[in-house]
Amino acid sequence: MLTAHLPSGYVLARALPKGIPRLMPVALVGAVFPDLDMIWFHFVDDGAIHHHRYWVHIPAFWLAIAVVALPLAAWAGWLRTVTVFFAAILMHLLLDTISGGVMWGAPASGHLFALVTVPADYSHWIISFMLHWTFLLELVVCGTAAFLWIKRKDAA
Ligand SMILES: [Zn+2]
């Protein structure tokens with residue numbers, strides 16, 4: 001997924017009940033958080049391995065964190081907010097599974113599961129992704145977010 005993670009966080013926040021504290025910022029941060037590994041990917045690893053192999057893209061890591069964090073959040077009275085963060089993380093991983101590949105079997109398996117393989121038909125991988133039919137799904141997410149943003153009640 002190239003462009004739709006942040007918009008997907010917006011759509012998630014708009015789909016949830018409004019009474020959740022810090023709903024929008026938490027949904028937006030959670031929706032893009034796993035891709036912060038791009039900083040390490042580019043500036044430390046120099047693109048040596050697929051960034052979906054880093055711990056922030058591994059569902060088992062987030063499951064382990066959630067097992068610890070959710071009871072603590074419930075105790076502190078932040079359960080709904082922290083649950084939104086994990087829901088946004090899960091949404092990110094599901095969207096990456098469409099064509100990017102996610103290690104759903106880790107740590108038992110290092111296989112990157114993807115629903116669709118985007119062939120390297122063009123000279124740059126970004127062009128191959130943008131001209132593949134799966135990019136239409138990204139446009140739908142972005143369009144939905146734009147529609148919801150334009151139709152928001154606090155719009156001037
Ligand atoms: Zn990602």
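**Figure 1. Helix 1 meets helix 5 in this predicted model.** On the side of helix 1, the residues in the contact are His5, Ser8, Gly9 and Leu12. Their partners in helix 5 are Ala87, Ala88, Met91, His92 and Leu95. The two helix axes come within 10 Å and cross at roughly 135 degrees. Angles over 145 degrees would count as roughly antiparallel, and 65 to 115 as roughly perpendicular; helix 1 and helix 5 are therefore oblique to each other. Their crossing is right-handed.

**Figure 2. Helix 2 packs against helix 5.** The axes of helix 2 and helix 5 lie 7 Å apart, at an angle of about 30 degrees. Helix 2 crosses helix 5 in a right-handed sense. From helix 2, the contact involves Leu23, Val26, Ala27, Gly30 and Ala31. From helix 5, Thr81, Val84, Phe85, Ala88, Ile89, Met91 and His92 take part. Ala88, Met91 and His92 of helix 5 also meet residues of helix 1.

**Figure 3. The largest nonpolar core has 20 residues.** Which members touch the most others? They are Val11, Leu12, Ala27, Val84, Phe85, Ala88 and Ile89. Helix 1, helix 2, helix 5 and helix 7 (135–150) each supply at least two residues of this core. Helix 5 gives the most, with five residues. In soluble globular proteins, nonpolar side chains tend to be buried together.

**Figure 4. Contacts around isoleucine 89.** Isoleucine 89 is among the core residues that touch the most other members. With neighbours within four places in sequence left aside, isoleucine 89 is in contact with Gly30, Phe33, Pro34 and Trp62. Of these partners, Gly30 belongs to the part of helix 2 that meets helix 5.

Figure 5. Where is proline 107 placed? Proline 107 is in the loop between helix 5 (79–99) and helix 6 (125–130).

**Figure 6. Arginine 22 has a positive phi.** Its phi is about 55 degrees, although arginine 22 is not a glycine. Arginine 22 is found in the loop between helix 1 (5–15) and helix 2 (23–32). Is arginine 22 buried, exposed or partly exposed? A residue needs 20 or more other C-beta atoms within 10 Å to be buried, and 12 or fewer to be exposed. Arginine 22 has 14, so it is partly exposed.

**Figure 7. Aspartate 46 also has a positive phi.** Aspartate 46 is not a glycine, and its phi is about 55 degrees. The residue lies in the loop between helix 3 (37–43) and helix 4 (59–76). Aspartate 46 is exposed, because it has 8 other C-beta atoms within 10 Å.

Figure 8. Buried residues make up 22% of the 156 residues. Among contacts between residues at least 6 apart in sequence, 56% join residues at least 24 apart.

Terms used: Residues numbered from 1 in each chain as written. Predicted model: local features only at pLDDT ≥ 70, side-chain atom pairs only at ≥ 80, totals over all residues. Contact = placed C-beta atoms within 7 Å. Helix = DSSP H or I, 4+ residues; strand = E, 2+ residues; numbered from the N terminus. Core = buried A, V, L, I, M, F, W, Y, C linked by C-beta atoms within 7 Å. Axes fitted to C-alpha atoms, helices over the stretch in contact; angles between N-to-C directions. Parallel < 35°, antiparallel > 145°, perpendicular 65-115°, else oblique. Left-handed = near helix turned anticlockwise from the far one by under 90°.
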